[in-house]
Amino acid sequence: MDDHKNTVDMDNERLTAELDIKDSSSVVIKIRRKLPDFLQSVKLKYVKLGYGYSCNTATFVMIFVLFPLMIATVVQLIGFKLHTFTLIFTSFDAATGVTGAVLFFFLFGVYWAKRPTPVYLVDFACYKPEEDRKIANEAFTKMSEESGFFEPETLNFQKRIASRSGLGDETYLSKGITARPPQLNMKEARSEAELVMFGALDSLFSRTGVRPQEISILIVNCSLFNPTPSLSSMIVNHYKLRPDIMSYNLGGMGCSAGVISIDLARHLLKANPNSYAVVLSMENITLNWYSGNDRSMLLCNCIFRMGGAAMLLSNKPRDRRRAKYELAHTVRTHKGADDKCFNCIYQREDDKGIVGVSLARELMAVAGDALKTNITTLGPLVLPFSEQLMFFLTLVKRKVLKMKVKPYIPDFKLAFEHFCIHAGGRAVLDEMEKNLNLTQEHMEPSRMTLHRFGNTSSSSLWYELSYAEAKGRVSKGDRVWQIAFGSGFKCNSAVWRALRSIPAGCEGNPWADCIDKYPVKVPV
């Protein structure tokens with residue numbers, strides 16, 4: 001058989017949704033494939049990568065140079081006379097003492113210069129749209145009918161998806177989409193962007209007391225809306241930010257771009273001491289509302305909603321006292337070198353020239369592979385020693401000794417108190433819960449965020465953390481795992497450690513007016 005016959009035709013492999021329809025005239029292929037059992041197979045190179053992240057220069061200097069030198073010095077100063085030590089150490093003369101002191105302070109200086117720069121999350125704010133932007137599932141169906149864009153079969157398809165998506169009746173859509181007729185134009189898209197960005201930033205500046213002119217670094221991520229001037233320039237102009245601000249506008253990076261922005265901010269703060277960085281994560285749906293009838297592109301209409309979040313990061317030592325969290329780790333995984341991964345979420349034109357984002361049959365398998373790589377790299381950074389030891393011994397038995405033993409699956413519940421899993425859809429959340437053996441309480445922030453706000457793309461992680469805070473569940477020392485998937489294909493993680501307990505029902509929390517009625521039972 002020719003090679004080209006073995007090549008997957010991505011256009012023919014597009015999926016549409018997660019329904020089973022008995023009527024053969026309206027059969028819909030399922031998108032709800034199960035994630036592969038990614039914990040059953042491990043690639044050693046990713047384990048080594050995780051240990052490589054934890055063994056930086058400062059760690060090496062501390063463990064193998066400074067610590068032994070300090071032990072030797074203490075032994076001499078306190079006058080240990082044990083036979084073992086007297087064989088190794090002799091009395092210092094003046095020259096030896098001075099030399100040792102110089103060497104000690106030099107090595108300490110190296111450690112101090114190379115140590116990881118603490119990055120603090122001072123606070124964050126999630127945008128909550130006005131009440132008139134709310135749309136119930138029934139209203140969504142009626143709006144789609146009245147738009148005149150969709151055929152009867154396509155309308156029935158959207159109705160079934162909306163009823164099983166996990167979204168509730170209080171999500172938000174932009175004015176351009178709900179208008180009669182729809183106003184899917186640049187003016188309305190800019191208006192949506194301004195509402196989300198300035199709404200979140202106004203709240204952030206108010207809560208932190210930081211003036212916009214104090215910001216040194218600005219990072220904005222929005223995957224599908226990238227106008228000229230850029231979104232970051234719109235913020236610079238609106239708040240009259242300083243002329244030397246380092247601004248970045250990330251586009252086309254999907255729902256995991258929020259973690260990418262945090263990672264970029266971490267690196268920039270490491271290189272620029274005594275600085276503030278603002279990260280703005282959002283998606284714009286006005287110009288990306290699909291008005292065609294290709295079912296593979298209609299899922300986005302059914303689950304994506306209006307929202308955004310702004311985060312204030314700092315490397316200033318004095319901000320540690322008031323900051324909510326400290327950034328512990330970021331791990332980024334990019335599978336774009338593989339064609340199937342690259343093409344599984346793809347923006348393209350349908351057969352009538354209408355642009356939309358389609359999903360491929362391989363999506364769930366690709367997501368599982370990216371997740372496996374990401375958590376294999378993350379494990380050595382976060383898992384307790386007992387879990388790492390059991391995992392390592394089992395790995396040696398399987399890979400080195402070729403023994404037929406059952407793989408040891410690390411318990412990530414021992415590494416984190418809170419899980420913020422990107423609310424990309426109910427099916428993905430179901431499989432994440434199963435594969436990581438999480439409880440309903442662990443999944444609650446993600447499921448309730450999907451129900452209350454829908455899929456707000458990269459900002460959904462912050463609505464989830466807001467939920468945990470509003471419930472009063474975040475205590476000092478708690479560890480938070482944020483993990484998101486995105487086109488490309490990417491899987492990215494961020495790990496935070498709470499620096500203080502967060503009281504329930506904080507002012508400005510997007511859940512403040514409704515947290516008492518959550519959690520709710522989501523229809524299956």
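Predicted model: local features only at pLDDT ≥ 70, side-chain atom pairs only at ≥ 80, totals over all residues.

Trainee: Okay, what's the angle for α16 and α17, and how far apart are their axes?
Mentor: The angle is about 170°, and the axes are 11 Å apart. For orientation, α16 covers residues 426-435 and α17 covers residues 440-453.

Trainee: Which residues make the contact?
Mentor: From α16 you have R426, L429, D430 and E433, and from α17 there are Q440, M443, S446, R447 and L450.

Trainee: And how do those divide into nonpolar, polar and charged?
Mentor: Four are charged, three are nonpolar and two are polar.

Trainee: New topic: which residues touch the most other members in the largest nonpolar core?
Mentor: That would be I235, L313, Y325, W462 and W496, in a core of 74 residues. Helix α9, residues 186-208, gives the largest share of this core, with nine residues.

Trainee: What is I235 in contact with, if I skip its neighbours within four places in sequence?
Mentor: I235 contacts M197, F198, L201, L218, V220, K240, L241 and L280.

Trainee: What else is buried in helix α10, where I235 sits?
Mentor: Along with I235, the buried residues of α10 (residues 231-239) are L231, S232, M234 and Y239.

Trainee: What covers the buried residues of α10?
Mentor: The cover includes helix α9 plus β5 (217-221), β6 (246-250) and β7 (276-282).

Trainee: What happens just after α10?
Mentor: K240 comes there, with a positive phi of about 55°.

Trainee: Is L184 buried, partly exposed or exposed?
Mentor: L184 counts as partly exposed, because its relative accessibility is 27%, and buried would mean under 20%.

Trainee: What does L184 touch, not counting residues up to four places away in sequence?
Mentor: L184 touches F149, G176, I177, T286, L287 and W289. The C-alpha atoms of L184 and L287 are separated by 5.4 Å, though these residues are 103 residues apart along the chain.

Notes. Residues numbered from 1 in each chain as written. Heavy atoms only, no water. Axes fitted to C-alpha atoms, helices over the stretch in contact; angles between N-to-C directions. Helix = DSSP H or I, 4+ residues; strand = E, 2+ residues; numbered from the N terminus. Contact = heavy atoms within 4.5 Å. Nonpolar A, V, L, I, M, F, W, Y, C, P; charged D, E, K, R; others polar. Core = buried A, V, L, I, M, F, W, Y, C linked by side-chain atoms within 4.5 Å. Buried < 20%, exposed > 50% of the residue type's maximum accessible area, 1.4 Å probe, protein only.
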